[in-house]
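Biologist: I would like to learn how to read some features of a model. Could we take them in turn?

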Amino acid sequence: MLRYTPGKPAAVIDIGSNSLRLVIYDGLKRVPWTIFNEKVLCGLADGLAETGKLNIDGRKRAKQAISRFVTLAKKMDIKNLHVFATAAIRDAKDGKAFVQEIRDEQDISITVISGNEEAKLAGYGVVSSIDGATGVVGDLGGGSLELITIKKGTVQTDSVSLPLGALVLHQSDALAKQIDSQLMKFPLHKELAGKSFYAVGGAFRNLAKIHMERKHHPLKVLHNYVIPTEEYLDTLSVITRMSEKALLKMAGVTSRRRAKVLPIAAMVAERVIRRGNPSNIVVSAHGVREGFIYQRLPDEIKR
């Protein structure tokens with residue numbers, strides 16, 4: 001369990017729907033410094049919508065990655081290690097069984113966080129690192145899209161987790177209507193119009209990298225990268241029409257798995273922006289993992 005121990009490194013293993021990541025921070029603080037960061041694309045949610053189960057190959061890759069990550073944490077003498085899982089694990093029929101296998105094999109505790117908790121943690125990640133943030137946080141992963149309202153650096157109670165992950169959706173003529181139907185569950189226009197949309201998660205970061213490349217932006221720093229709404233929509237429109245081969249040539253798109261899902265991620269982002277009509281899009285490199293740490297800090301450290 002993650003404990004508040006100032007000056008001691010803390011580690012988080014995030015079992016996501018598309019990727020698994022180990023991040024080791026220099027300590028528990030308002031904005032922790034990353035001293036180690038490794039990601040493995042596993043695709044646990046690939047095919048989940050059709051089978052209701054975790055991807056077989058993804059399970060194998062995930063087990064290997066978790067074993068490696070736990071070993072690394074032990075070798076680095078990390079006392080504060082926390083492991084959590086998100087959409088794919090909580091939605092799959094065999095999610096609980098998979099978690100139990102990992103617990104038995106690695107002798108570790110794993111927390112499966114709910115959709116609303118995931119949204120809240122994404123919100124905490126943003127407010128911990130962007131002063132006075134106001135608008136809506138959107139965390140787009142392989143299995144779900146979380147939305148939560150934030151006002152003047154405070155996370156609100158309005159949140160939702162929607163089955164709009166890039167791995168569980170498929171291209172079709174009805175995709176836009178499918179996305180819009182789910183987005184009706186959150187008052188986007190009321191909470192977002194004229195405010196900022198804070199984009200969290202790997203899919204949103206890759207979309208921002210493509211915008212940077214198209215605009216020849218000189219500073220390749222994603223955190224707090226601000227994009228005017230119309231510019232963002234223009235980039236999204238281009239991405240939804242790009243082939244996998246063309247996407248692989250773009251900055252930040254390093255795998256066929258990522259290139260395959262980016263057009264769907266772009267469509268989800270486009271429907272969110274058109275429905276919410278924000279003043280701009282702000283990319284946050286801090287999300288659920290950093291929010292997980294921030295939530296556990298003493299109030300004086302948060303302030």
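**Reading the model, feature by feature**

Modeller: This is a predicted model. Start with helix H12 (residues 288-295), which lies across E1, E2 and strand E4 (80-85). Helix H12 runs at about 45° to E2.

Biologist: What is the order of the strands in the open sheet?

Modeller: As a general idea, strands of a sheet pair through backbone hydrogen bonds, either parallel or antiparallel. Here five strands form an open sheet in the order E3-E2-E1-E4-E5, and the pairing is mixed. Strand E3 (34-41) and strand E5 (110-112) are the edge strands, each pairing on one side only. On average, neighbouring strands of this sheet are turned by 15° against each other, direction ignored.

Biologist: In which sense do strand E1 and strand E2 pair, parallel or antiparallel?

Modeller: Strand E1 (residues 10-15) and strand E2 (residues 19-25) are antiparallel, with six bridges between them.

Biologist: Which residues have a positive phi although they are not glycines?

Modeller: Most residues other than glycine have a negative phi. Asp-77 has a positive phi of about 55°, and this residue lies in the loop between helix H2 (56-75) and E4. Asn-277 also has a positive phi of about 55°. Its place is the loop between helix H11 (256-276) and strand E11 (280-283). At 44% relative accessibility, Asn-277 counts as partly exposed, because that class covers values between 20% and 50%.

Biologist: Is Gln-182 buried or exposed?

Modeller: Gln-182 is buried, because its relative accessible area is 17% and the cut-off is under 20%. This residue is found in helix H6 (residues 175-183). The side chain of Gln-182 makes a polar contact of 2.9 Å with the side chain of Lys-185. Leaving out residues up to four places away in sequence, Gln-182 touches Leu-162, Pro-163 and Leu-164.

Key:
Residues numbered from 1 in each chain as written. Predicted model: local features only at pLDDT ≥ 70, side-chain atom pairs only at ≥ 80, totals over all residues. Heavy atoms only, no water. Pairing = 2+ DSSP bridges. Helix = DSSP H or I, 4+ residues; strand = E, 2+ residues; numbered from the N terminus. Axes fitted to C-alpha atoms, helices over the stretch in contact; angles between N-to-C directions. Contact = heavy atoms within 4.5 Å. Buried < 20%, exposed > 50% of the residue type's maximum accessible area, 1.4 Å probe, protein only. Polar contact = N/O pair within 3.5 Å; in protein donor to acceptor, adjacent residues only side chain to side chain.
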